[in-house]
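Please have the sequence and the model at hand while reading.

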Amino acid sequence: MAACAFLWTVVMFVNITRNANNNALNEEKAFINSVNSDANSVEEVCNLAKQMVSQNTSLIEYMELVKSGKDLDTVKKIDFYNTELAYIDNMTNVNPYLYQIRLFVNADITEKKPCFYRINRLENMEWYGKYKNSLWYLNYSDTAFPEARNESTKLAAVFADILDDRNHLLAVLEVSTDIKNLIPNFYKHSTDEWNFFVKDSGEIICSEENKEYLENNKNQIVKILERKNKTEFQNFSGNNAIVSTLSMPSLDGTYVHISKSQDVIDSYYRSQFPYLMVVIFSMGIFSFVVIFLIRHIFKKFNNLSASVNRIRNGEKILLPDDGNDEVSEMAHQINEMIVALEKLNKENVNRELIVKNTEIKALQNQINAHFMYNVLETIKMLAEIKEDYEISDAVTSLGEMFRYSVKWSSGMVELKEEIKYIRNYLNLLNLRFDYEIFLSLNIPQEYMKLKIPKMSLQPLVENSVYHGIEDLAEDTYIYIKAYEQDERINIEVSDAGAGMSEETLQMLRDRLESVDSVSEDSDHGRALYNVMQRVKMYFGPEYGIQIYSKKGLYTKVVIQIPKEKEMEE
């Protein structure tokens, strides 16, 4: 019996050691797979950005124009800079993988940070004269402006030479990313773990803290590189370690991850030694208990462990949880955790899908907008040729509204931009009606730069027209007023329309307090509810809207926003 117990103990420790090693290797392989996936995503984003910019016909036409010694007039030039160059800047801002997109133009242009420079700026860059078209260059600092050089962040970039029809260079395109997006933990300094990249030429790319150590072990690194795309235990610099290599042909080299394993294994054995001694000294007394545990509890526990490993390998199963013992209870708890995690993963996938779809739609809208602007400009020109200036003015208003609607922004705009949109909206409405709706403003000039949520006033004006003015069918005004009250800025939108009774007004106020009572097809409430929720989201729950009305006299909606610090100063 004692011999069996001892043998069982030895077998248990051998199996535990083997399982520990296998789990360590599996975790390392999972890490390398994630590195490969992330690197592919970064490369895909950068190459997509490179393709979109290098194939932008508006940019190419402008660069050809300035290379020939000509230029746009001031108004068109400003519009070009505020559309095409802002589009490049927005691509950088919305994608966390992109550090910078820069064009170095081979012509005498007006430079515009952060993306439009003359080609002589290249002489400041470390990669000047070294880069190759459509290939990656790794581990350099941003030195475009020597007086503001950034040495702390190391970059990687892919380049493109943009040529005209005669193969003359128009510009050099640089699409860069932080190198840590390609080499995880690049800036981390540790004596137990190293992340670095070895180019096919033999150059080691790593942080300055690790450079000397890795150079001293270069011969061993060369031997490691002979076994590409491998994860295995090796001896590195006199220590047992897990060594992984990942070939990255597009980057012209191999990613290497080395982590020590000896300390972990030794600590594991030291922690298990007292337990081994207890088992040996107690095996005579508890032999029967050991046999029972082997046949029942440990069998069940091993089955549970095997099932957990299957789950870790990607299988979608639930653990057997029949019984009243602790193992069954643990299996039950793990099953609940699996169900909860699967639900959470589905929610995260759906959320990421919505974000990606939104980004794609935004890009499509930005691209399709140029076609719509050109069509509207053509219609406007035809109307002016036929001296039909009413149609021309209507097309101008429609074009400005369209541009405002699809323009990328953070969700906040200046008050004057929203007012301009409302003017265009009323201009188009007045074409439909036999009567005219005038806009009356009482807004101090300094308030025109207030930041408000985009499209927050237009729904209020639309409500005034369709619920307060349209049934009257006579010339009237919509009033917009801004003033300070109790350290807040109030923006009023009011009309002299049909108004509401006290009962209807109170019902509307009650409905705005609950989203469940405001349906998509409601005649009243949905637009007001959306505006109120957006104001609360941007400024806080203490802000929102107030509604006032008198049957047959007026309706007034007041948006309350915080007073900006700049105005207080």
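This is a predicted model: local features need pLDDT of at least 70, side-chain atom pairs count only at pLDDT 80 or more; totals for chains, interfaces and linings use all residues.

What polar contact joins the side chains of E232 and R227? The two side chains are joined by a polar contact of 2.8 Å.

- E232 belongs to strand β8, which spans residues 231–236.
- E232 counts as buried because its relative accessibility is 19%, and buried means under 20%.
- The side chain of E232 also makes a polar contact with that of Q234, at 2.8 Å.
- With neighbours within four places in sequence left aside, the residues in contact with E232 are L25, R227, A241, I242 and V243.

**Salt bridges**

- Side chains of opposite charge can pair when their charged atoms come close.
- The structure contains 10 salt bridges.
- One of the salt bridges links R227 to E232, with 2.8 Å between the closest N and O atoms.
- Another salt bridge is formed by E193 and K188, whose closest N and O atoms lie 3.0 Å apart.
- E193 is buried, with a relative accessible area of 19%, whereas K188 counts as partly exposed at 38% relative accessibility.
- E484 and K563 also meet through their side chains in a salt bridge, at 3.2 Å from N to O.
- E484 lies in strand β14 (residues 476–485), while K563 is in the loop between β17 (554–562) and α14 (565–568); the pair therefore ties together parts that are 79 residues apart in sequence.
- E484 counts as partly exposed, at 36% relative accessibility.

**Aromatic side chains and charges over rings**

- The structure holds 20 aromatic pairs.
- Among them is the tilted pair of Y131 and F159, with 5.1 Å from centre to centre and 40 degrees between the planes.
- This pair links distant parts of the chain, 28 residues apart: Y131 is in the loop between β2 (116–118) and β3 (136–142), and F159 is in strand β4 (residues 150–163).
- Both Y131 and F159 are buried.
- Y131 and F159 also belong to one aromatic cluster, together with F104, Y117, W127 and F145.
- The face of F145, a member of that cluster, has K113 lying over it, at 4.4 Å from the ring centre.
- Elsewhere, the charged end of K556 sits over the ring of Y548, 5.4 Å from the ring's centre.

- Strand β15 (residues 488–495) has seven of its eight residues buried, so the strand is largely enclosed by the rest of the structure.
- β14 and β15 run antiparallel and are joined by eight bridges.
- Across this pairing, D495 in β15 stands opposite I478.
- β14 and β15 form a hairpin with two residues between the strands, and D486 takes a positive phi near 55 degrees there.
- β15 is also joined to β17 by eight bridges, and these two strands run antiparallel.
- N490 has Q560 in β17 as its bridge partner.

Terms used:
Residues are numbered from 1 along each chain as its sequence is written. Side-chain values use heavy atoms; hydrogens and water are left out. A salt bridge is a side-chain nitrogen of Lys or Arg within 4 Å of a carboxyl oxygen of Asp or Glu. Buried means under 20% relative accessible area, exposed over 50%, partly exposed in between (1.4 Å probe, protein chains only). Helices (H or I, at least four residues) and strands (E, at least two) are DSSP runs, numbered from the N terminus. Rings of Phe, Tyr and Trp (its six-membered ring) pair if their centres lie within 6.5 Å; planes under 30 degrees apart count as stacked, over 60 as edge-to-face and the rest as tilted. A charge sits over a ring if NZ of Lys or CZ of Arg is within 6 Å of the ring centre and within 35 degrees of the ring normal. A polar contact is a pair of N or O atoms within 3.5 Å; within protein, one must be able to donate a hydrogen and the other to accept it, and residues adjacent in sequence count only if both atoms are side-chain atoms. Contact means heavy atoms within 4.5 Å. Two strands pair if DSSP finds at least two bridges between them.
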